[in-house]
Amino acid sequence: MFGLRSLVRSAITSGCNINHQQTRNTFILKRKTPVPLHKKGGKPIKLKGRHFVYDLVEDTNVKRKPDVKVILNQFIDGVGNKGQVLTLRPHQAYNEYLVPGLAVYASPQNLEKYDANEEKSTTESNYSSPYVHRTIGCLSRVILQITMSKLEPWVLEPWHISTSFRKSGFLVPEHCIEMPPAQIKGPDLTLQDKEFYVTVTINNTEKVNVRCRIHHWATGLDRLPWEEFHWKKPKEALFPEQAAELEKMPLPQ
Amino acid sequence: MASRIQATARQLSKAYKKKSRFDIGIASELPVAYKKFWREWKVLKPAAVHYIPQEGKWKRDDLTGEILPIQNIPIPLKHPAEIHEGLWGGEAVVKGFQKRDPRRRRVPHYWVPVLKRTVVKSEVLNTHLSVTVTDRTISLINDHYGFDHYLLKTPACDLVSMLALKLKKQILIELMNGCPRYSHDPQRQQEVYEEYKTYLTSYTPEEIEWYGLSWYEALCKLAKQKEAANKPVPLKNMYRKNLVEKLKAAGIESTKTSPEEISSTTSWLSKMNPFGKKDEA
């Protein structure tokens, strides 16, 4: 019979080592009246009613539980790269990362396998920052309306593009903007139903093409009539070499 | 945790031994593999969940200086039927009294664990399961770095629920067969097997076969095995064989046909119904 204990212990310790600290996440009770001692090796004393009167020592359900460490096993947009160690609240770690399979537990084996440690964060990766993927997604969906004068002559310059970006909610410095191959001059109403793209460089690393359209602006009688859902309508490419690239970029539905 | 075995002097003495459940009727033929599981499940004392056990063997009384042994009497737990449909992580219902006011009579009270439904992910079975758990189960899973590690590393007495035991058995069977659920991805299959194969060393195939069976299920399994082992042979076959042999020994000509052909005649004979109507016969 006593051989069993060692057997079970060996079975328990044969696996990989875990922290053997007990977790009690429940009602912890204590008898108000202790049970009297029984003879050595004898039967325990029969419990009476008074031995069932309990005091609540602690309710661990309302206690704050320690954070859980997980390792990402893939790049997650806006979170981190593969092999990054995250320290999260237990329910968040469990429900959002471990159960969907986006991360694994930070066990010694996994730390070794993913070559992860606390200090390592976003140093080696495909992207220059965890948020780049999201920014690329946002910029590639944009149709940039560049408002130019219908009456005054102009030449399209990077600061025009930068201003149009600012109007649509993106702060893009001029040095990040790569202009189209040829100069665009106006006012020229044939540009109204043409489109082209500019290339924006993010963090001096990632490049993304942004679809641009020129709108001729004037007031009074010169104002062009409003076109409904003009952003949904496909338009002709201004430069034939950009046509193939523009075909690939999706229009909003 | 002094000892997880409940043993008394009487149980250990060889002079008189009370008949246990393994000594009565068909149960006496249960294999050692099942007895091992039974001990792990019912004889071993479960871990202290609802009370804080005192450490050590002895303690000194603060006031008198008297040395007294430490005897941790566990708080009796109630196991409702629902416990077997979820994974409560060793928690159970405590039935007792509260003394809310020193001048009033004690009040009956049930301490019931807070249950929630969530999803657990089993790597070996390559599946997600929706189960009823407690907070303690989730933190145990987190402490063991995964659901499979938790099940495989925890003895049956702490798992308590039938669901957990059946899952553990299923996982062990899966491991024993080399994770066939990952057959579409041999590399992943190898990884999973390497991670969990250490647990297989503590079980033999027979022990896995008898693991996680309730008392009734084990008896049914045994009865079925016995029934399959000594299946009764119809006496008519034996008599027919004897007769053919006797006739052969006597050298009678008509018995040159083989016994198989004779047996085939019975099927033709059985179609005859002498008591039926004329056109039926």
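In the predicted model described here, A:K69 stands opposite A:T87 in strand β4 of chain A; helices (H or I, at least four residues) and strands (E, at least two) are DSSP runs, numbered from the N terminus. Strand β3 (residues 68–72) of chain A is joined to β4(A) by four bridges, and the two run antiparallel. Two strands are said to pair if DSSP finds at least two bridges between them. Strands of a sheet pair through backbone hydrogen bonds, either parallel or antiparallel.

Attention now turns to where the two chains meet. Helix α2 (residues 90–98) of chain A packs against α3(B) at an angle of about 70°, with their axes 11 Å apart. Axes are lines fitted to C-alpha atoms, for helices over the stretch in contact, and angles run from 0 to 180 degrees between N-to-C directions. The two helices are therefore roughly perpendicular to each other, a label given to angles of 65 to 115 degrees. From α2(A), the residues A:P90, A:Y94 and A:L98 meet B:I138, B:I141 and B:N142 in α3(B), where contact means heavy atoms within 4.5 Å.

How many residues of α3(B) are buried? Nine of the nine are, so this helix is largely enclosed by the rest of the structure; buried means under 20% relative accessible area (1.4 Å probe, protein chains only). The buried residues of α3(B) pack against β3, α2 and β5 of chain A, together with β5 (116–122), β6 (127–133) and α4 (147–153) of chain B. Just after α3(B), B:Y145 takes a positive phi of about 60°.

A polar atom of its side chain lies 2.9 Å from the backbone oxygen of B:L87. Leaving aside neighbours within four places in sequence, B:T137 is in contact with B:L87, B:W88, B:G89 and B:Y150.

Residues are numbered from 1 along each chain as its sequence is written, and chains are lettered from A in the order in which they are written. In this predicted model, local features need pLDDT of at least 70, side-chain atom pairs count only at pLDDT 80 or more, and totals for chains, interfaces and linings use all residues, while side-chain values use heavy atoms, with hydrogens and water left out.

Methods. Polar contact = N/O pair within 3.5 Å; in protein donor to acceptor, adjacent residues only side chain to side chain. Parallel < 35°, antiparallel > 145°, perpendicular 65-115°, else oblique. Buried < 20%, exposed > 50% of the residue type's maximum accessible area, 1.4 Å probe, protein only.
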